Structures are given as structure tokens and as C-alpha cells.
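Below are some notes for a colleague reading this model, arranged as numbered points. Please go through them with the structure open.

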Amino acid sequence: MLAPKIIGSLVAALLQFAAAAHDAASIWAVIAAGSKGFYNYRHQADACHAYQVMLKRGVPADHIILMMQDDIARSGQNPFPGKLFNKPHNATPGSAVDVYAGCKIDYSGDIVTADLFLKVITGNASALPPGSGKVLKSGKNDRVFLNFIDHGAAGFVMFPNGPELHVQDLHAALQKMQETQMFNELLFYMEACESGSMFPNLKVDGKVLAVTASNAQESSWGTYCGEDAIVDGRNIGSCLGDLFSVAWMEDDDIGTGGETISGQIDRVTTRTDKSHVCTFGDVSFKTEPVADFKRSEVVIRDEEKALGSVDSRDIPLFTATYNYEHAKGTEAKDVAWSRLQEVKTDREADEAVFHLLATSTCKGNERTLKRWDFTKRDFEEVDCEEAIISEKRQMKDSDCHKALARAVSTTCPARGGASGGWNGYNMKYSQMLVNMCEERLVLKKEIADLEVIVRGECIAASQAALAAPDIVV
Ligand SMILES: *[C@@H]1O[C@H](CO)[C@@H](O)[C@H](O)[C@H]1NC(C)=O
């Protein structure tokens with residue numbers, strides 16, 4: 001949780017940010033949704049909603065850059081073709097807010113990658129893939145708002161295509177933006193599991209303030225799921241939003257202007273009750289005295305409380321189970337049952353791979369790892385596999401972690417419609433790669449040795465997945 005003193009200065013920072021919103025020419029926004037597939041409906045609904053919020057704040061359309069796969073609105077699974085909803089709605093049919101209407105997407109489809117995101121935010125317009133061609137062109141007096149929504153893990157977040165965005169590369173891009181004077185202040189809202197791991201090196205005076213949906217070791221949550229995913233009497237069949245994202249956007253929507261934004265983090269922190277909203281970096285933009293600030297009361301009306309929240313890691317299983325239980329007719333039941341079995345089998349297969357990986361890593365080192373035992377006041381041997389799988393080491397060797405994470409994405413089997421070896425569920429094992437890297441000296445392994453082990457297990461799993469018969473209903 002945030003210390004009160006941090007909240008005070010954070011709020012001052014946001015006040016200034018809010019005030020600047022009226023000076024439209026100086027604000028820029030980049031919004032990215034990092035997933036595809038109908039079970040990830042919520043990320044693109046969040047992204048289009050964020051686009052609408054930026055317009056409403058007065059950011060001119062040509063200063064907003066939006067990238068997302070754009071496969072949801074027109075998906076055959078969408079009960080409202082060409083529309084996206086970010087909130088349940090049961091009032092007058094037809095009056096629900098379609099956030100897809102007027103949502104102008106600059107880059108869509110298979111070109112939406114981490115590499116493109118980095119190019120856009122650093123203003124590098126060379127060799128861009130087809131799209132609007134827009135990149136961030138902000139200058140040293142400008143304020144930049146970045147918003148990323150998707151799956152994340154210890155040390156990286158995903159994009160719908162291509163490899164993950166590693167913390168090391170994101171940090172380098174932010175540094176480059178600073179060096180090339182692309183902002184006066186930069187505010188980054190990030191929704192992803194373990195997103196608190198993405199900003200470890202922001203300077204307290206770097207004019208970059210990052211707000212994350214969760215801390216470095218927990219999931220972020222989807223919301224408006226299951227029976228709460230209903231619009232005009234029809235269930236969408238996927239969660240409509242993410243808890244942190246709808247919290248800040250609905251806070252904006254109630255439209256109390258600067259004052260609302262000033263207390264936004266407070267209110268968002270309160271409403272995001274399943275994970276810990278965290279802030280990183282520069283919370284000390286002190287041009288606005290804290291004393292000037294009247295902190296708004298944290299009052300959340302019942303109808304604003306997020307309904308039906310589900311741990312992001314479990315959303316495919318939750319959704320498949322819900323859809324199976326509610327499917328009508330034999331044929332629909334069969335399809336839903338088959339989908340549910342697939343999700344379960346994929347999860348088990350992923351768990352098996354990473355457990356085998358722990359076994360291989362610990363081979364010959366079963367008795368090497370020791371931990372201080374406070375009661376015995378001595379070092380005690382710990383089970384290597386157990387430690388590698390379940391400890392929460394802090395990432396220091398990011399070169400090692402980046403190499404292992406990349407090995408998983410390029411060689412592990414792509415499950416559940418993912419574009420590489422990582423998916424929303426198995427990304428929780430990114431922490432295990434951190435543990436492997438942090439123990440590698442004790443385990444007497446070079447980075448290359450660990451890469452060989454990761455690739456070995458991933459390739460074996462990919463071959464097994466190819467050989468496995470399809471599930472027959
Ligand atoms: C811009 O992107 C191109 C193509 O990916 C790359 O070769 C170049 O180094 C980048 N320029 C800068 C200044 O980073």
C-alpha cells in the first residue's frame with residue numbers, strides 16, 4: 001500500500017496532470033492492448049474506452065495513438081457484431097455505451113508487436129509496418145500518457161504477436177524518451193499481472209510516474225465476468241473489463257474534472273480490491289503545493305463496485321466453465337465442453353513443462369541451496385525444486401531473465417491461441433526463471449547452460465503437443 005506522504009505528492013502530480021489536460025495541444029497518449037482472442041475481450045474493450053476517455057479529456061485525436069489486434073468487435077463469437085462494451089448494462093435496450101463506436105485504431109492485426117510499441121513511444125518512424133504511420137512526436141514541454149492493458153508476468157508483458165516486452169527494453173525506451181526530451185511529465189497506467197515488476201529503475205526525479213494494477217508478485221483481475229457480463233439481456237461470454245482499468249476510466253467518466261483526477265489514484269486503489277495498486281518513479285512534481293489540495297472523500301457507490309472479478313490467470317478456465325454450464329442445446333454444449341477440456345489440458349501440460357524444467361535445473365544440485373533458518377540460527381538445506389518453483393526472488397540479472405523468457409516464447413508450445421510459448425496462465429512461471437537466474441552461481445550454471453535447459457524442455461513439450469491426438473468430443 002502507498003504511504004500517505006506518497007499519496008500527497010502523487011496527488012499533486014496528478015492535479016498538475018489534470019490541469020494540463022485543458023491545454024490540449026501539449027498532451028499525447030499512446031494506448032496498447034496486448035492480447036487477441038475472444039476470451040481476452042476485456043483488453044480491447046478497455047483500450048477503446050481509454051481512447052474515448054482521452055478524447056473526453058480534450059486530447060486531440062491526432063495526438064492519440066492506439067494499437068490493438070482488433071479481432072474482437074468483428075469476432076463470430078461477439079453477440080453484438082461491430083460493438084464492444086466495457087460495462088454491464090441492463091437499462092433501456094440499445095442505450096449501452098458501445099466503446100468501439102468512434103474508436104480509431106492506428107495499428108491493428110498481426111503487426112501489433114512489442115517492437116512496434118517501442119518504436120511508437122520513442123518516436124522512431126523508420127520502417128513502420130502498415131498503419132496510420134503515427135508515432136509519438138511530443139516535445140520537452142509536453143505531457144505524455146501511456147496506457148498498456150494485457151497479460152503480464154515477473155519482468156515482462158505480452159503483445160498479441162511476436163515476443164514479449166521485457167522490463168529491460170521498456171526501461172531503455174523510457175530512458176531514450178527522456179534523453180531525446182520527449183516529455184515534461186510522463187504518466188504510465190499499466191494493467192497486467194505482476195505489473196509492479198515493470199518499473200524497478202525509475203528515478204524519483206525522472207518525471208516519469210507509473211501506476212500499476214498489481215504489485216510485482218500478484219495477478220491483476222478481470223471484472224464484469226460470468227453473470228455480470230450481460231448487456232441488454234445477453235451474455236457476452238467473456239469478461240467485459242479489467243478491475244484497475246475500469247476503476248480509473250469510470251472515475252474519469254463521472255466527469256468531475258481536475259478534482260476527480262487528483263484523487264483518482266486514491267479511489268482506484270480503494271476500488272481495486274483484489275490486488276495492490278502501486279506507484280513507481282517520480283511522485284514529487286512539487287510545483288503544486290500539497291496544501292492546496294483538498295483530498296476528496298473516497299466514496300464508492302454500490303453500483304460502481306466492480307462486479308464479478310476474476311483472477312486474470314484463471315479467466316480462460318472460468319469463462320470456459322461458465323460458458324459450458326450456460327450453453328443451450330446439445331451442439332453448443334459439446335463445443336463448450338470441448339473448449340473446457342482443452343483449457344484444462346493446456347494448464348496441466350504447462351504445469352508439467354515447468355516442473356520438468358525445475359527438475360532439470362536442479363539435477364545434480366539437489367542439496368546445494370541453503371537458506372537461513374531463524375529458529376535454528378543456521379543455514380539449512382532447502383529442496384532445490386521447491387525453491388526454484390515457489391520462491392519470489394527479486395530480479396537482478398535481467399540479461400539472464402530476458403534470455404530465458406525469450407527461450408520460452410520461441411521454443412515452448414503455443415497454447416490457447418497464444419502467438420508463442422507464453423500464455424496468460426503459464427506466465428506465472430516467469431518468476432521461476434527469475435529464481436533460476438538469481439541462483440545460477442550457486443547452481444554453477446552460465447546463462448547459456450540455463451538457456452539450453454529451457455529450450456530442451458520446451459522443445460520436448462512442443463514435440464509432445466504435436467504428437468498428441470486432438471480431443472475428440
Ligand atoms: C529506428 O528503427 C529502425 C528499424 O527498426 C532501427 O534500425 C533504428 O536503429 C531505430 N532508430 C533509433 C534512433 O533507435
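**Notes on the predicted model**

1. Arg42 counts as buried, because its relative accessibility is 1%, under the 20% that sets the limit for a buried residue.

2. Arg42 and Asp242 form a salt bridge in which the closest N and O atoms are 3.0 Å apart. Arg42 lies in helix 2 (residues 41–56) and Asp242 in strand 12, so the pair ties together parts that are 200 residues apart in sequence. The side chains of Asp242 and Arg42 are also listed as joined by a polar contact of 3.0 Å. For the whole structure, the search finds 21 salt bridges.

3. The side chains of Arg406 and Glu164 meet in another salt bridge, at 3.2 Å from N to O. Arg406 belongs to helix 11, whereas Glu164 sits in the loop between strand 5 (156–157) and strand 6 (165–166), so this pair ties together parts that are 242 residues apart in sequence. As for cover, Arg406 counts as partly exposed at 30% relative accessibility, while Glu164 is buried, with a relative accessible area of 3%.

4. A salt bridge of 3.1 Å, N to O, is also made by the side chains of Asp350 and Arg415. Asp350 lies in helix 9 (residues 330–362) and Arg415 in the loop between helix 11 and helix 12 (430–438), so the pair ties together parts that are 65 residues apart in sequence. Both Asp350 and Arg415 are buried.

5. Which residues are found around the ligand? They are Lys119, Asn124, Ser126 and Lys176, and this shell divides into no nonpolar, 2 polar and 2 charged residues. A polar side-chain atom of Lys176 lies 2.5 Å from an oxygen atom of the ligand, and for Lys119 a polar side-chain atom lies 3.2 Å from a ligand oxygen. Ser126 likewise places a polar side-chain atom 3.2 Å from an oxygen atom of the ligand. Taken alone, the ligand exposes 360 Å², of which the protein buries 40%.

6. Is Phe374 buried or exposed? At 70% relative accessibility Phe374 counts as exposed, since the limit for an exposed residue is over 50%. The place of Phe374 is in the loop between strand 15 (370–373) and strand 16 (378–381). Together with Trp372 and Phe379, Phe374 makes a nonpolar surface patch of about 400 Å².

7. Helix 7 (residues 264–271) is mostly covered, with 7 of its 8 residues buried. Among the buried residues of helix 7 are Ile265 and Val268, but also Asp266, Arg267 and Arg271.

8. Ala403 has its place in helix 11 (residues 398–411) and is buried, with a relative accessible area of 19%, a value to be read against the limit of under 20% for a buried residue. Ala403 and Glu451 are 48 residues apart in sequence, and their C-alpha atoms are 7.0 Å apart in space.

Notes. Residues are numbered from 1 along each chain as its sequence is written. This is a predicted model: local features need pLDDT of at least 70, side-chain atom pairs count only at pLDDT 80 or more; totals for chains, interfaces and linings use all residues. Side-chain values use heavy atoms; hydrogens and water are left out. Patches are made of residues with over 30% relative accessible area and no salt bridge: like charges are joined within 9 Å, nonpolar side chains (Val, Leu, Ile, Met, Phe, Trp, Tyr) within 5 Å. Accessible areas come from the Shrake-Rupley method with a 1.4 Å probe; for residues, only the protein chains shown count as cover. A salt bridge is a side-chain nitrogen of Lys or Arg within 4 Å of a carboxyl oxygen of Asp or Glu. Helices (H or I, at least four residues) and strands (E, at least two) are DSSP runs, numbered from the N terminus. Buried means under 20% relative accessible area, exposed over 50%, partly exposed in between (1.4 Å probe, protein chains only). A residue is near a molecule or strand if one of its heavy atoms lies within 4 Å of it. A polar contact is a pair of N or O atoms within 3.5 Å; within protein, one must be able to donate a hydrogen and the other to accept it, and residues adjacent in sequence count only if both atoms are side-chain atoms. Ala, Val, Leu, Ile, Met, Phe, Trp, Tyr, Cys and Pro count as nonpolar, Asp, Glu, Lys and Arg as charged, and the others, Gly among them, as polar.
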